[in-house]
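Me: I would like to go through this structure by question and answer. Please show it first.

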Amino acid sequence: MREQYKKAVFSLSFTQHFLNYIKKVEQKQGKTLHTNGVPLHYVAVLQIILILKDNEMSTESISYHFNNILGRGINQSSLSRTLTYLHETLALINYADNPFAEDKRYTYVELTGEGKKLQKFFLGSTQEPIPAIFGSSKLMTAI
Amino acid sequence: MNTIINKTIMVVAMVVCRVIHKVRCQSFLRRIDDFSYEVKPLKVTKNLPFFKKQIIVSNDWEKSTALKIGGICIKYSFDKLVKYRDVRDTEITEPEFNENVAIALARVTSETHTSTNIIKLESKRGNNERAIQKSSL
């Protein structure tokens, strides 16, 4: 496979693993989480977190990079709701936020084990073989 | 007892925020989604007052505020975006341009202009009449 197409493969692999993970959570909880598909900002916020350094994970930093990378702002309450979803429902991150506490230990964002697994797929640092589907003759990735 | 109070505050806050969102963003009057909110319980509330308001972010595109009532945190944000009604998709014509320039100039003039005091000489004549200077010639 050409090197330039590997980025697309990694991106699609990440999406596939993310959707599979949501399916597992749905089966575990016995209910459908997204009847109309996963909202884009859930995926976008997670992707921003996955490329942030561990000591840079804060709501201000996520909001700043979301705006700079994607060209659209995300307000704090929307971001907080998204992070709560990623924490409480999917358990991909650990998130605590207390805007009134002076001690910054009460405000943090960090990846969980499952989140770190998805990070490897997103960054392309996994050793897993490329799925056979990408070798289909109708795809550009087959070349 | 605290749990019941917190749950009551949470329900009331969620109802109020939902009503504001419905009226502001989804009513027939105005369909612009520029308000979002989140209501959640706070885990650590030691040494904090019962009611506290804090502005989290206030920049060019949003103003976010956090309210603490009891053990509940209410976060709400207003987007400061240009509304679609305000966006103009046609170029400004010359008469409109000139008219706007004239309005802007008139506004600047009226703001910077200060009117001078006008003294009515007729009323002053009696009290402070200046002596007629006689010529030395």
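**Where the two chains meet**

A polar contact of 2.3 Å links the side chain of B:K75 to that of A:D97; a polar contact is a pair of N or O atoms within 3.5 Å, where within protein one must be able to donate a hydrogen and the other to accept it, and residues adjacent in sequence count only if both atoms are side-chain atoms. This is a predicted model: local features need pLDDT of at least 70, side-chain atom pairs count only at pLDDT 80 or more, and totals for chains, interfaces and linings use all residues. Residues are numbered from 1 along each chain as its sequence is written, chains are lettered from A and ligands numbered from 1 in the order in which they are written, and side-chain values use heavy atoms, with hydrogens and water left out.

Me: Which residue of chain A forms a salt bridge with B:K75?

Reply: A salt bridge needs a side-chain nitrogen of Lys or Arg within 4 Å of a carboxyl oxygen of Asp or Glu. The rule finds 1 salt bridge across the interface of chain B and chain A. For B:K75, the closest N and O atoms are 2.3 Å apart, and the partner is A:D97.

Me: Is B:K75 buried or exposed?

Reply: B:K75 sits in strand β4 of chain B; strands are DSSP runs (E, at least two residues), and helices are runs of H or I, at least four, both numbered from the N terminus. Buried means under 20% relative accessible area, exposed over 50%, partly exposed in between (1.4 Å probe, protein chains only). B:K75 has a relative accessible area of 3%, so it is buried.

Me: What is the area buried between chain B and chain A?

Reply: Buried area is the accessible area (1.4 Å probe) that two parts lose on being put together, summed over both. Carbon and sulfur atoms give 53% of the area here. B:E38, B:V44 and B:K75 supply 27% of what chain B buries against chain A, more than any other three residues. The buried area is about 1,600 Å².

Me: How many residues of chain B are in contact with chain A?

Reply: Contact means heavy atoms within 4.5 Å. Chain A contributes 16 residues, and chain B contributes 22.

Me: Where is A:A91, the residue with a positive phi?

Reply: Most residues other than glycine have a negative phi. A:A91 is not a glycine, yet its phi is about 55°. A:A91 is partly exposed, at 38% relative accessibility. Its place is the loop between α4 (76-89) and β1 (93-96) of chain A.
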